[in-house]
Each structure stands twice: as structure tokens, then as C-alpha cells.
Amino acid sequence: MDKLNINEFSKQKVLFYSDKLSGFDFGPAHPFKPSRAKHMMDLLSRYSLLNAKNQQIIAPEPVHEDLLYLFHTREYIELLKRAGQTEFSIDMLKAGLGTEDNPIVPGIYDFSRTAAGGTHRGAVMLAAGDADIVFNPIGGFHHAGTDHAEGFCYINDCAIAIADMLRKGKRVAYIDIDVHFGNGVRDAYASCSDVLTVSIHESGDTIYPWSGFQNDTGVGPGRGYTVNIPLLQGSDDEVFLYAFESIVPPLVGAFKPDIVVAVLGADIHREDPLGHLNVTSYGYEKAVRIIRDISPRLLATGGGGYNVYKTAALWALAWAAICGLEPVDNYAGLVGGMMYGPEAQSGSLRDKPYLASGDFKTKCFEHARDVVAYLKQNVFPVHGL
Ligand SMILES: [Zn+2]
């Protein structure tokens with residue numbers, strides 16, 4: 001456990017959650033399961049992580065429609081509204097709606113708007129000083145584009161919240177640890193120097209969205225404000241943390257944001273069925289703590305995570321970390337106590353340590369060193385580093 005800063009206990013922490021949102025269903029064959037958030041809530045209760053006086057749970061409400069247009073086109077939102085009523089027309093396919101990844105599901109417009117509402121309200125609370133740390137587990141839809149859905153994302157809650165904070169004169173750093181490159185947010189702010197976007201992810205050579213390489217550093221006035229840290233598949237905690245710690249704290253420190261928006265995707269975990277990294281709860285938790293420590297105010301979102309139980313456990317650890325709490329198992333030692341998925345086997349939210357080795361590990365490390373060297377040479381000088 002890291003040293004607790006006494007200030008942690010005076011900070012206001014807000015968790016966005018509702019059974020309605022976590023009960024939304026994309027269908028049995030779809031990997032995106034909002035129910036992960038419900039499992040996380042069960043774990044937060046079990047591990048005594050919701051009892052602090054400075055914590056608040058708020059049910060998200062749909063974001064105001066006007067705010068959608070800070071990022072999305074009107075044409076696309078019209079299509080999404082119709083898709084939410086399970087209408088279908090061929091122009092929806094061109095907007096990514098009705099595909100295998102982004103099916104037309106009854107209520108999808110309301111679901112996406114409500115998820116975005118949590119993230120946006122969190123941003124407003126942070127900007128107003130009504131909260132210091134916010135977590136919206138069903139948020140972080142970082143792939144959605146201005147005029148299309150992709151990668152299970154229909155409304156880009158992060159891009160919208162950032163746009164509104166920019167209007168309020170805030171400087172925003174975006175830190176994305178999801179296994180997939182946060183292409184939608186990158187595209188939104190690639191030419192903007194008021195937003196620093198940093199994404200660490202599995203290389204686009206082996207995973208969707210097939211982009212996010214280190215030489216994409218932004219466009220025009222935004223050059224040096226888009227930062228990509230691609231890792232080879234199989235990279236473990238050591239490689240992940242080496243790359244993350246080498247790049248993220250110095251850059252965010254130099255940028256001096258007012259607010260940090262984070263996507264805490266749990267699909268970097270080695271047991272995730274879609275991602276191919278070898279990160280465990282150790283690397284995940286450490287990265288979340290670093291993000292907490294470098295964020296004057298933090299708007300955290302859940303992002304991806306397709307191993308339902310592992311995602312719930314990692315998000316519970318993330319909430320504990322950002323609240324400065326240590327999980328305490330209320331059921332420990334109870335015979336016939338509550339059994340909870342695979343976690344029942346280990347009796348802990350945390351994984352056993354894992355370290356890759358051999359030539360494979362060497363290759364992952366060499367790649368990460370090359371990426372870090374490239375960014376130090378090409379991006380750090382822009383920030384006076
Ligand atoms: Zn992802």
C-alpha cells in the first residue's frame with residue numbers, strides 16, 4: 001500500500017452509478033457488459049470501500065442534447081435517436097450503426113446519453129470545485145467519432161466533457177490506459193494545444209483501431225500535444241510501468257492541467273479476452289495511483305474491460321486507490337461466505353504477480369525503450385523538458 005496523503009480524506013469523491021445503466025444489455029453475444037459496474041458495486045460493499053463520509057454516489061442523468069453537438073454532428077445524432085427506437089435505414093451503416101460492434105439496440109440513444117451525462121456532470125462538479133475526484137465506470141467511450149459510432153462507442157462522453165471544460169477556460173490532460181488506442185478523443189483534439197492527450201495501449205499492429213503509433217504526435221498547433229505509447233502484445237507490468245512512468249508524469253507535470261480526464265480501461269489485464277497485454281492488478285493499480293497523484297482534479301471513466309469479474313475487481317481497486325482506501329474483506333473467514341466468480345478462488349481483489357521472461361520479454365522491453373526514446377526526443381522539447 002502506498003503512503004496516504006492526509007489530504008485524501010478531505011477531498012470530495014463522487015461515484016456515478018445507477019442500476020438502470022448497469023442493467024442495459026447489448027445482447028448475449030456482445031462483449032460489452034454494463035453489468036460490470038453492478039459487480040463492482042457489490043465488491044465495493046464487500047470490501048468496505050463505500051463507507052467514507054467524503055464519498056457520494058450519484059445516479060447519472062442524460063446529458064443535455066445541446067452538449068452532444070459540442071462534438072457530434074446533428075445528422076449523426078438524428079440517426080442515433082432513430083436507432084434507439086430500433087428503426088433501421090442504410091445510411092445508419094455508413095455511420096457505424098447496425099454493425100456487429102455497434103448494434104442497433106432498443107434504448108441505445110438514452111443509454112449513451114446517460115453514460116455521457118455522468119461524465120459531463122462530473123466535469124461540471126470538478127470545474128466548480130464541488131468534487132475533487134469523480135469516477136464514472138460506465139463512461140470512457142473513447143472511440144466514437146463526430147459522425148459515427150465505432151468500437152462499442154456511440155457517444156464520446158470524454159470528448160464532450162473536455163469540450164465543455166475548454167469553454168470554461170480549463171486546461172485538460174487526457175490519460176488513457178485502455179488496451180485500445182483512444183482514437184476518438186485523439187481525433188477531436190489532435191490540432192489543439194489546450195488539451196494534452198496521452199494514450200498507452202497495445203500496438204495498432206495487433207489490435208483495433210490499428211492506429212496510435214508514436215510518430216502520431218498531433219497536427220499543426222497541436223503538434224506535441226498528442227502522445228501515443230504503443231506496446232507490443234504480451235508486454236507485462238514491468239514494461240507497461242516503465243513506459244508509463246517514463247512519459248506520463250513528466251509530461252502532465254509540465255503541461256499543468258486544471259483537470260485530468262482518465263480512461264481506466266481494464267482490458268489491459270492479461271485475462272482480458274480482447275486485449276493481448278500481460279498487465280496484472282499490480283500494474284493497473286500502480287498506474288491509477290500515479291494518475292491520482294499527478295491530477296489536481298480527476299475525472300476517471302471505466303473504458304473497456306471484457307472479463308466481467310476481472311474488470312469489476314480492477315475498477316474496485318481503482319476506486320480504492322483514488323479514494324486512498326485499502327480494501328478490507330468483510331466476508332474474510334466466513335464459512336460459506338459470499339462466493340464471487342473466479343475471485344472466490346483467490347480471496348482477494350489482487351492478482352498473483354506475473355513477470356514475462358526470455359527473448360519475448362527482451363523484445364517487449366526494447367520496443368518500449370524505442371518508443372520512450374522517440375517521445376523524449378520529439379515531444380518532450382515541446383514542453384520544455
Ligand atoms: Zn478497450
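Ser 45 sits in helix α2 (residues 36-46), where helices (H or I, at least four residues) and strands (E, at least two) are DSSP runs numbered from the N terminus. The model is predicted, so local features need pLDDT of at least 70 and side-chain atom pairs count only at pLDDT 80 or more, whereas totals for chains, interfaces and linings use all residues. Residues are numbered from 1 along each chain as its sequence is written, and side-chain values use heavy atoms, with hydrogens and water left out.

With a relative accessible area of 47%, Ser 45 is partly exposed; buried means under 20% relative accessible area, exposed over 50%, and partly exposed in between (1.4 Å probe, protein chains only). Leaving aside neighbours within four places in sequence, Ser 45 is in contact with Leu 50 and Asn 330, contact meaning heavy atoms within 4.5 Å. Ala 29 is 16 residues from Ser 45 in sequence, and the two C-alpha atoms are 29 Å apart in space.

Strand β1 (residues 13-16) runs parallel to β3 and is joined to it by 3 bridges; two strands pair if DSSP finds at least two bridges between them. Lys 13 has Ile 133 of β3 as its bridge partner. β3 also pairs with β8 in the parallel sense, over 4 bridges, and here Val 134 is partnered by Leu 299.

Strand β7 (residues 259-263) is largely enclosed by the rest of the structure, because 5 of its 5 residues are buried. Ile 259, Val 261 and Val 263 point one way from β7, while Val 260 and Ala 262 point the other way. Strand β4 (residues 172-176) runs parallel to β7 and is joined to it by 5 bridges, with Asp 176 facing Val 263 as its bridge partner. β7 pairs in the parallel sense with strand β8 (residues 298-301) as well, over 4 bridges, and Ala 262 stands opposite Ala 300 there. Between β7 and β8 the chain passes through helix α10 (residues 281-294) in a right-handed β-α-β crossover; with the strands pointing away from the viewer, the path from the first strand over the helix to the second runs clockwise.

A zinc ion is coordinated by Asp 178 (OD), Asp 178 (OD), His 180 (ND1) and Asp 267 (OD), at 1.9 to 2.8 Å. Donors are N, O and S atoms within 2.8 Å of the metal (3.2 Å for Na, K and Ca), and sites may look incomplete because water is not among the atoms. In sequence, the donor residues follow the spacing D-x1-H-x86-D. His 180 belongs to the loop between β4 and α8 (183-189) and Asp 267 to the loop between β7 and α10, so the pair ties together parts that are 87 residues apart in sequence. His 180 and Asp 267 are both buried.

The largest nonpolar core has 126 residues, of which Ile 177, Ile 229 and Leu 264 touch the most other members. Such a core is a set of buried Ala, Val, Leu, Ile, Met, Phe, Trp, Tyr and Cys residues joined through side-chain atoms within 4.5 Å. Beyond neighbours within four places in sequence, the contacts of Ile 177 include Ile 200, Phe 240, Val 263 and Leu 264.
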